[in-house]
Amino acid sequence: MPTNFTVVPVEDGGAGKSTLEDVFSEEDEEDVSPRRPYSGDVTPRESSPFINNTDQDQENYYDGKNMALFEEEIESNPMVSSLLNKLANYTNLTQGVTEHEEYENEEGVTKIRVKSPQMGTFIGVYLPCMQNILGVILFLRLTWIVGTAGILESFAIVVMCCTCTMLTAISMSAIATNGVVPAGGSYYMISRSLGPEFGGAVGLCFYLGTTFAGSMYILGTIEILLTYIVPNAAVFVAEKKEGEAGAMLNNMRVYGTCCLALMALVVFVGVKYVNKLALVFLACVVLSIMAIYAGVIKTVIEPPDFPICLLGNRSLQNHNFEKCVKTEVIKNVTYTTKLWELFCDSRHLNATCDEYFTLNNVTEIQGIPGLLSGVIKDNMWGDYGPSGMLVEKKRQSSVPAQDNSRDIYMPYVFNDISTFFTLLVGIYFPSVTGIMAGSNRSGDLRDAQRSIPFGTILAIATTSFIYMTCVVLFGACIEGVVLRDKFGDSVKKNLVIGTLAWPSPWVIVIGSFFSCCGAGLQSLTGAPRLLQAIARDGIVPFLQVFGHGKANGEPTWALLMTAGICEIGILIASLDAVAPILSMFFLMCYLFVNLACAVQTLLRTPNWRPRFKFYHWTLSFLGMSLCVSLMFISSWYYALVAMSIAGCIYKYIEYRGAEKEWGDGIRGLSLNAARYALIRLEEVQPHTKNWRPQLLVLLKLDSDLGVKHPRLLSFTTQLKAGKGLTIVSSVLEGTYMTLGAEAKSAEQNVKSAMHAERTKGFCHVVVSSNLRDGFSHLIQSAGLGGMKHNAVLMAWPGAWKQAEDSYPWKNFIETVRETTSAHQALLVAKNIDKFPSSEDRLGEGTIDVWWIVHDGGLLMLLPFLLRQHKVWRKCKMRIFTVAQMDDNSIQMKKDLQMFLYHLRLNAVVEVVEMHDSDIAAFTYEKTLVMEQRSQMLKQMQLSRNEREREAQLITKLGTKSHGNLNDNAPATPDHRVHMTWTKDKLITERNRNRSEPNVGVKDLFNMKPNQSNVRRMHTAVKLNEVVVNKSQGAQLVLLNMPGPPKTKGGDENYMEFLEVLMDGLDRVLLVRGGGREVITIYS
């Protein structure tokens, strides 16, 4: 439904209140005295970089300050009038100059301005499509297809292929009318609809198809030249009958190469010459079609005289004899004819002749009996056969011969190739290609969104009508043996379709010759530009060289590449062999055009608003299915090769190509699939069998916003044999308004480090007022829906003792508490910088697991996951567990081995006995030193806090005193308090603000260690002795991580216990489970 706009002018002056300034000044005038005239101190206009701009256009915008409210946004958000002005002056680029709206020169990105295109639907779309669709197959192969397949099967082939192109044209019309399509045609539409991977793969397939089409047209040109125009110009002449086919192929190669070189030179000199000749070539096609229909009408009145000679029921090549008789009587004397000499060893009547020649008579019939002759009944069904099969007339009696060994040397008409239905489909399909000619010229059209759908569909409808009527008319007018005679040997080497034409066969011969020449030039013109467009997009790195060309944009290097590939098709030298190859590539292109339309329609993206409304996703899927079916019907092995080529290009672009964001449908499809999967993924804990580590990696950044511990990312990669979710995150301290740019820079640095360490996952850097809150928010909210992390990986704060403040270890302990509260596992890596990189290969060694308490089995699952990676693959797994005095260590070992057997884990089991022993004096002393250090830190912290509070208090009170002195207002009694700062007041305030009495330094030396801390220290020391004794040489040690104290009073002691527990070990991974089972013995 059209939308109506009303433009309301806003005047700058006048009697009425027309400006915003005048409107809002009314309220000021009520309370303020009338305005004084501007003095020298007052600027009459607002000081704005926009208003004071010397540009006349900008000055006009702000003269009256009508839009002053939006002046700060003008640079990023232009005025509507400016936007509409730019859209009105928009012009596309012409096809012959460049394929894109912009190109980059040495000085930067420059717009190329060209004259506005003026081509309409008829000239710009309809006629080019007609010229590209009607071509070599119509003139050289359609009669042979009708004779071989019969009218019914030929009609089915035409209907299938024309339906495929019509459905593709409907999908293409929807895509082409969904916005402006610059010159680039199908490649642009597919790449912008399905993304760079699909676009590059299909674009290169379309390029190869267009290039091989050039080969096919050149081969058709040479076939017409050497077979029908100048047959004596052959370079290679066969001495024997068996060598005629090989000689013909060699002639095709020689002349085809010369023709290719000449056409490439014409294209190189200038496309304008090709464009000037296009009208001539089109006229040849139109005149040829008109001559065919005129000839059909002529057969009703007077059929043309093209007699053919049959020996028995076999068709004969009649270009070596004039009379279709064995002997002739002249003045009562019987003479033999030239036909006799072809089958007998001499011209005498008593000569020895071929057996079949002797047994059968010679018959002469009309090759073009006419529309009313009833020959359509004989041509209704097909006549397939192997290579070398004789072309015989149906329902014609003959006497078979006993010996047929010499038939190959006789002047019969043979099948040159084996014929079957699927082969004919592959040969015919190129005759319906060319539907992209209109979209390829989208840059030259006056209204592409109207012309492309209407012109293309009308051209397909017209050509489909021509093909269907030609199939019926050929079968109704021409004798079957003539239809099956591919090269016209039975009609004196005339072009078969030319024998039907009026007024002369030469109309078709000359018309088809120039038509093939023109189509070949068009292919050699369009294919290099398509390759240049792909190269300039930068999605295929090794094609960058083909993006360059001459100064006017002509693709020189791409033309050379095209000529080289085209030469491959010419060396094949057979039109029937080249046609199925380009059929595959065109069908691949049409397949993805339909896919693009179907995907966009089903996704219902907001930008999908085509002006062409007569489309539906079911039609697109039907077109896709028809394309795939035709590919495998034509040639299943060619179809597999074409799909393999497209697949390889797709994977190459995906792996090496430049990343492009074109708003393509595949990305939209991925978003929809992800949304659907997330909705389906319930926010409940997965079953134990599906549990895998979904990691939240907490990184530290250095002063340059780089990753401080990149080996943490390496370890993450090595753990990802479980293929779970990975979220790499960090926190910047501050506000997002001031650190937004730094956050984005840090995120890019983290992504670079992830790429270097081959860590696949997501990256997120947040800005928070303090680190503690930032990490807390990440632990709570990272992930989306059911895809949330279940484990946190972080590095051990190694320098926590040397830190000036207690924030590092307090943050660490709070993180431990929060992961425990969130029922998430926690992995803490000590000496992370000593962990191996992803490029290292550890030799013989062990991964030692110290299973002290059971917290879900994560300790046993992690070594299994690590050993899936090539870094840890050669390491063996050992599991240690601790037995107390009351435990049976032998039975524990057996039970643990059986448990591991059911878990399908290969590991060496060892039970370590820890006997009760007296607490050593060393343990007492270490605990005492720990508590003394903790108490000293508290005193230092209190002193620092007191000094900070005193400074704040002095500043506050001093500010009040100065405020009283400088206040000019009269003092008000009662509620104004004047304070004088004295030393006594300072001491009083200090004592009041102290929350706890300090412990003197002497009391530190009189302290006695807490018994609970002594026991914990004893456990840490004894366990550390056992672990170091057994696992000091291990590549990695995994330990149960004890939980933090419930009260915050002993946090610093907790850090000391962990430090003692890991003392003397290089690589340690502390593991704390999330409170659920993560490994099971059940299948």
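What pattern do the disulfides of the chain follow, with bonded cysteines counted along the chain?

Analyst: This is a predicted model, in which local features need pLDDT of at least 70 and side-chain atom pairs count only at pLDDT 80 or more, while totals for chains, interfaces and linings use all residues. Residues are numbered from 1 along each chain as its sequence is written, and side-chain values use heavy atoms, with hydrogens and water left out.

With bonded cysteines counted along the chain, the disulfides follow the pattern 1-2, 3-4. A disulfide is a pair of cysteine sulfur atoms within 2.5 Å, and the structure holds two of them.

Cys309 belongs to strand 3 (residues 307-311), whereas Cys324 sits in the loop between strand 4 (314-315) and strand 5 (327-330), so the pair ties together parts that are 15 residues apart in sequence. Strands here are DSSP runs (E, at least two residues), numbered from the N terminus. Cys309 is buried at a relative accessible area of 2%, and Cys324 is buried at 9%; buried means under 20% relative accessible area (1.4 Å probe, protein chains only).

The other disulfide joins Cys344 to Cys353, with an S to S distance of 1.8 Å. The link of Cys344 and Cys353 is right-handed, with 105 degrees about the S-S bond. Cys344 counts as buried, at 9% relative accessibility.

Cys162 is buried, at 5% relative accessibility.

Note on methods:
Helices (H or I, at least four residues) and strands (E, at least two) are DSSP runs, numbered from the N terminus. Buried means under 20% relative accessible area, exposed over 50%, partly exposed in between (1.4 Å probe, protein chains only).
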